[in-house]
Amino acid sequence: MSEQERQLQDLESRFPLVSGEAFAAARAQVLASGQSVLQTEGGFIVRVFPDGRKQRLKPVEAPIPVTPGTTFTIR
């Protein structure tokens, strides 16, 4: 394996943690600014308000469970 391939694998392995932290920080920033956020919860799209209230908006299909590290090929 080349050095470039090793570096790429290292970056890819860090992505789930870093992206999760970025989304959590963005969500917190939006709520702190007084705005609401949308998320899925219990089979519904839910609006979460800065004061913690939740409003169910629309039912959605259940998420598809994925094992971390699974690779999908898009054709």
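User: Why is strand S3 said to lie largely in the open?

Analyst: In this predicted model, the number of buried residues among the six of S3 is zero, so the strand lies largely in the open. The word buried is kept for residues under 20% relative accessible area.

User: How do you know that S2 and S3 pair?

Analyst: Two strands count as a pair if at least two bridges are found between them, and strand S2, which covers residues 44-48, is joined to S3 over five bridges in the antiparallel sense. Within this pairing, Phe44 stands opposite Pro59 of S3.

User: What lies between the two strands of that hairpin, and which residue there takes a positive phi?

Analyst: The hairpin of S2 and S3 has five residues between its strands, and Gly52 takes a positive phi near 95°. Asp51 is also found in the loop between S2 and S3.

User: Why is Asp51 called exposed?

Analyst: A residue is called exposed when its relative accessible area is over 50%, and Asp51 has a relative accessibility of 56%, so it counts as exposed.

User: Why does Phe72 count as exposed?

Analyst: Phe72, which is found in the segment after strand S3 (54-59), has a relative accessibility of 60%, and therefore it counts as exposed, the cut-off being over 50%.

User: What makes Ile64, Val66 and Phe72 a patch?

Analyst: Nonpolar side chains are joined into a patch when they are within 5 Å and the residues have over 30% relative accessible area. Ile64, Val66 and Phe72 form such a nonpolar patch on the surface, and together they have about 370 Å² of accessible area.

User: What is the order of helix and strands along the sequence?

Analyst: The protein has one helix and three strands, and read along the sequence they follow the pattern α-β-β-β.

Note on methods. Residues are numbered from 1 along each chain as its sequence is written. This is a predicted model: local features need pLDDT of at least 70, side-chain atom pairs count only at pLDDT 80 or more; totals for chains, interfaces and linings use all residues. Side-chain values use heavy atoms; hydrogens and water are left out. Patches are made of residues with over 30% relative accessible area and no salt bridge: like charges are joined within 9 Å, nonpolar side chains (Val, Leu, Ile, Met, Phe, Trp, Tyr) within 5 Å. Accessible areas come from the Shrake-Rupley method with a 1.4 Å probe; for residues, only the protein chains shown count as cover. A salt bridge is a side-chain nitrogen of Lys or Arg within 4 Å of a carboxyl oxygen of Asp or Glu. Helices (H or I, at least four residues) and strands (E, at least two) are DSSP runs, numbered from the N terminus. Buried means under 20% relative accessible area, exposed over 50%, partly exposed in between (1.4 Å probe, protein chains only).
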